[in-house]
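User: I'd like to go through a model with you, one topic at a time. Could we begin with what counts as a pocket?

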Amino acid sequence: MGDILRLVAKRLGWGLLTLLAISVIIFFMVEMLPGDMAQAVLGQGATEENLRAMREQMGLDRPAWLRYLDWLFGVAQGNFGISPITNISVAEMIGDRFVNTLFLAAYAAVIAVPFAILLGVLVALLRNSIFDRVANVLTLTSISSPEFFLGYILILFFAVRNSWFPAISSLSDDMTFIELLQRAFLPALTLVLVVTAHMMRMTRAAIINLLASPYIEMARLKGVPPWRVIVRHALPNAWAPIINVVALNLAYLITGVVLVEVVFVYPGIGQALVDAVSKRDFPVVQACCLIFAATFILLNLAADVGAILTNPRLRHPK
């Protein structure tokens, strides 16, 4: 148990250092963007006095490294600053939207993860069959198609030609859970089509790679049915790479939803990021990017820990 805790602490330390480096990149890349932020807020008709007062209010008259330290100290306390466009706390602006994004990601994950693993087991069991070839063609097509293209195709068939689901996923607080599921179904299905392919192919590859192992051959010689060989003997030893790809795809479900949320006008953090970029609302842009980075690093850490727990050989690296 001590070895596992040391490895987790080490991964967590590297994750925090990575997040710190990413925060530096995010802040100073935004600083390097062309144009005057105060001018973008006040408009072209602003006077020099108004611009000077706005720069002082936004802290633009101070050195960039001091503003970064203040921003980083505030972020560590959960304070992402004040939006100069709406004059509202950034945390308040993106809090509900981040919850909506988590709901969409969880919705897609509940469908995609068991379906992808089950499909991966089936194609491994029926490898080189027609079912295996059709499944591989469909998953390759899904991987190769951009999210916005899949989203528009789903809107065409499920919202335009057949009014089964709404094309615009607008949400409100007075909706029931069933109504939320219906409104979010098309964006969730788009994400499912994208991530299922990766998880299915990794499950298939991991199981097929293990089927050549001596203990699998021994189980076959004993007359164990093929499905039981895969489920009872191959699958438990294939969990490490499967957990890795599942965690990475879960990270994508949260950090890669920008295009999907824009297509369906879903009120999530990806839509908030696009709106903030168009309005040059830089504190919101920085907060969204940092949240995406932290989520991705955290789920990568979960993938490493899951792989360590399922594969004892990783606990004692040579």
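Analyst: A pocket here is an open set of grid points, on a 1 Å grid over the protein atoms alone, with protein on both sides within 12 Å along at least five of seven lines, and its lining residues have an atom within 4 Å of a point. Please keep in mind that this is a predicted model.

User: Which residues line the second largest pocket?

Analyst: The lining of the second largest pocket consists of F115, L119, F131, A135, L138, T139, S142, L150, V192, L193, T196 and A197. The elements that contribute two or more residues to this lining are α5 (90–125), α6 (130–144) and α9 (185–210).

User: Which element gives the most to that lining?

Analyst: That is α6, which supplies five residues to the lining of the second largest pocket.

User: And what is the volume, and how do the lining residues divide into nonpolar, polar and charged?

Analyst: The second largest pocket has a volume of about 280 Å³, and its lining residues divide into nine nonpolar, three polar and no charged.

User: Zooming out, how many helices and strands does the chain have?

Analyst: The chain has 15 helices and zero strands. Of its 318 residues, 40% are buried, and among the contacts with a separation of 6 or more, 72% are between residues 24 or more positions apart.

User: Switching to S169, where does it lie?

Analyst: S169 lies in the loop between α7 (147–160) and α8 (177–183).

User: Is S169 buried or exposed, and why?

Analyst: S169 counts as buried because its relative accessible area is 0%, and buried means under 20%.

User: What does S169 touch?

Analyst: Leaving aside residues up to four places away in sequence, S169 touches R183, A184, P187, F264, V265, Y266 and P267. With R183 there is also a polar contact, since the side chain of S169 reaches the backbone oxygen of R183 at 2.8 Å, and a polar contact is a pair of N or O atoms within 3.5 Å. The C-alpha atoms of S169 and Q182, which are 13 residues apart along the chain, are separated by 8.8 Å.

User: Now Q271: where is its place, and which residues does it touch?

Analyst: Q271 is in helix α14 (residues 269–279), and it touches R97, E261, V262, V265 and Y266, again not counting residues up to four places away in sequence. Q271 is buried, with a relative accessible area of 11%.

User: Last one: what about I308, buried or exposed?

Analyst: I308, in helix α15 (residues 282–310), counts as buried at 3% relative accessibility. I308 and V8 are 300 residues apart in sequence, yet their C-alpha atoms are 9.2 Å apart in space.

Notes:
Residues numbered from 1 in each chain as written. Predicted model: local features only at pLDDT ≥ 70, side-chain atom pairs only at ≥ 80, totals over all residues. Heavy atoms only, no water. Helix = DSSP H or I, 4+ residues; strand = E, 2+ residues; numbered from the N terminus. Buried < 20%, exposed > 50% of the residue type's maximum accessible area, 1.4 Å probe, protein only. Contact = heavy atoms within 4.5 Å. Polar contact = N/O pair within 3.5 Å; in protein donor to acceptor, adjacent residues only side chain to side chain. 1 Å grid on protein atoms, 1.4 Å probe; cavity = no way out; pocket = protein on both sides within 12 Å on 5 of 7 lines; lining within 4 Å. Points joined across faces, edges and corners; volume = space filled by probe spheres on them. Nonpolar A, V, L, I, M, F, W, Y, C, P; charged D, E, K, R; others polar.
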